[in-house]
Amino acid sequence: MELPKVGSLGEYIRQQRQQAKISLRQLAAQAGVSNPYLSQVERGLRKPSAEILNQIAKGLHISAQALYVQAGLIEDREPHSDVLAAIRADVALTSRQRQVLIDIYESFRKENRAGAAQPPQSAAHLGDDPVPSRDGLTPDSQEG
């Protein structure tokens, strides 16, 4: 697997910073690094450590995992999600709103993966009503 170029990490950080409407100076202060260092990271001249990436992610209110993937420190093992891409691309949302939506979406996915690993239980046993399908009919009311 080919690792992404260091420059692409810096471009990603700059893009996230600009979308969050945070100045380079503000992000540097929040991440605990100097302005020149952060500028070098954004221009692809420096490759920050995982610890610095984590601090930058906190300053941007984004997932540290996203920065680790961009930096090539970890592989993106989850299949690409159009939902995540749409949330990240929505400029009408603040960076905090985007992160909250991503966190909620990921928690649902995690919950569903955990549920898929357990043996299914009948709806009657759980006390749930049948869930309507897309056409609005419950499985019991559909004509066969």
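1. Handedness first. A crossing of two helices is right-handed if the near helix is turned clockwise from the far one by less than a right angle, and left-handed if anticlockwise. By that rule, α4 and α5 cross in the right-handed sense. The model discussed here is a predicted one.

2. Overall make-up. The chain holds 8 helices and 0 strands. Read from the N terminus, the order of elements is α-α-α-α-α-α-α-α. The chain has 144 residues, and 26% of them count as buried. Take the contacts between residues at least 6 apart in sequence: 50% of these join residues at least 24 apart.

3. The α4/α5 pair. Helix α4 covers residues 50-60 and helix α5 covers residues 64-71. Their axes lie 8 Å apart, and the packing angle is about 135°. That angle makes α4 oblique to α5. The roughly antiparallel class takes angles over 145 degrees. On the α4 side, the contact uses Ala50, Leu53, Asn54, Ile56 and Ala57. On the α5 side, Ala64, Leu67, Tyr68 and Ala71 take part. By class, the residues of this contact are 8 nonpolar, 1 polar and no charged.

4. The loop between α4 and α5. His61 sits in this loop. Its phi is near 60°, a positive value in a residue other than glycine. His61 counts as partly exposed because its relative accessibility is 38%.

5. The α2/α4 pair. Here too the axes are given as 8 Å apart, with a packing angle of about 125°. The two helices, α2 and α4, are therefore oblique to each other. The crossing of α2 and α4 is right-handed. From α2 come Leu27, Gln30 and Ala31; from α4 come Gln55, Ile56, Gly59 and Leu60. The residues of this contact split into 4 nonpolar, 3 polar and no charged.

6. The α2/α3 pair. The axes of α2 and α3 come within 9 Å and cross at roughly 105°. That makes α2 roughly perpendicular to α3, since the perpendicular class spans 65 to 115 degrees. Leu24, Arg25, Leu27 and Ala28 of α2 meet Asn35, Leu38, Ser39 and Glu42 of α3. This contact does include charge: its residues are 4 nonpolar, 2 polar and 2 charged.

7. The core. Which residues have the most contacts inside the largest nonpolar core? They are Ile13, Leu27, Val33, Leu53, Ile56, Leu60 and Leu67, in a core of 23 residues. The elements that give two or more residues to this core are α1 (6-19), α2 (24-31), α3 (35-42), α4 and α5.

8. Leu67 in detail. Leave out residues up to four places away in sequence, and Leu67 touches Leu9, Tyr12, Ile13, Leu53, Ile56, Ala57 and Ile62. Ile13, Leu53 and Ile56 are among the residues with the most contacts in the core.

9. The loop between α1 and α2. Lys21 is placed in this loop. Lys21 is not a glycine, yet its phi is positive, at about 55°. Is Lys21 buried or exposed? Lys21 is exposed, because its relative accessible area is 72%, and the exposed class begins over 50%.

10. The loop between α3 and α4. Arg43 belongs to this loop. Arg43 has 48% relative accessibility and so counts as partly exposed. The C-alpha atoms of Arg43 and Glu11 are 7.1 Å apart, although the two residues are separated by 32 residues along the chain.

11. A position in α7. Glu106 lies in helix α7, which runs over residues 95-117. Glu106 counts as partly exposed because its relative accessibility is 24%; the buried class requires under 20%. Leu84 is 22 residues from Glu106 along the chain, and their C-alpha atoms are separated by 9.1 Å.

Conventions: Residues are numbered from 1 along each chain as its sequence is written. This is a predicted model: local features need pLDDT of at least 70, side-chain atom pairs count only at pLDDT 80 or more; totals for chains, interfaces and linings use all residues. Side-chain values use heavy atoms; hydrogens and water are left out. Axes are lines fitted to C-alpha atoms, for helices over the stretch in contact, and angles run from 0 to 180 degrees between N-to-C directions. Helices (H or I, at least four residues) and strands (E, at least two) are DSSP runs, numbered from the N terminus. Angles under 35 degrees count as roughly parallel, over 145 as roughly antiparallel, 65 to 115 as roughly perpendicular and the rest as oblique. Contact means heavy atoms within 4.5 Å. Ala, Val, Leu, Ile, Met, Phe, Trp, Tyr, Cys and Pro count as nonpolar, Asp, Glu, Lys and Arg as charged, and the others, Gly among them, as polar. A nonpolar core is a set of buried Ala, Val, Leu, Ile, Met, Phe, Trp, Tyr and Cys residues joined through side-chain atoms within 4.5 Å. Buried means under 20% relative accessible area, exposed over 50%, partly exposed in between (1.4 Å probe, protein chains only).
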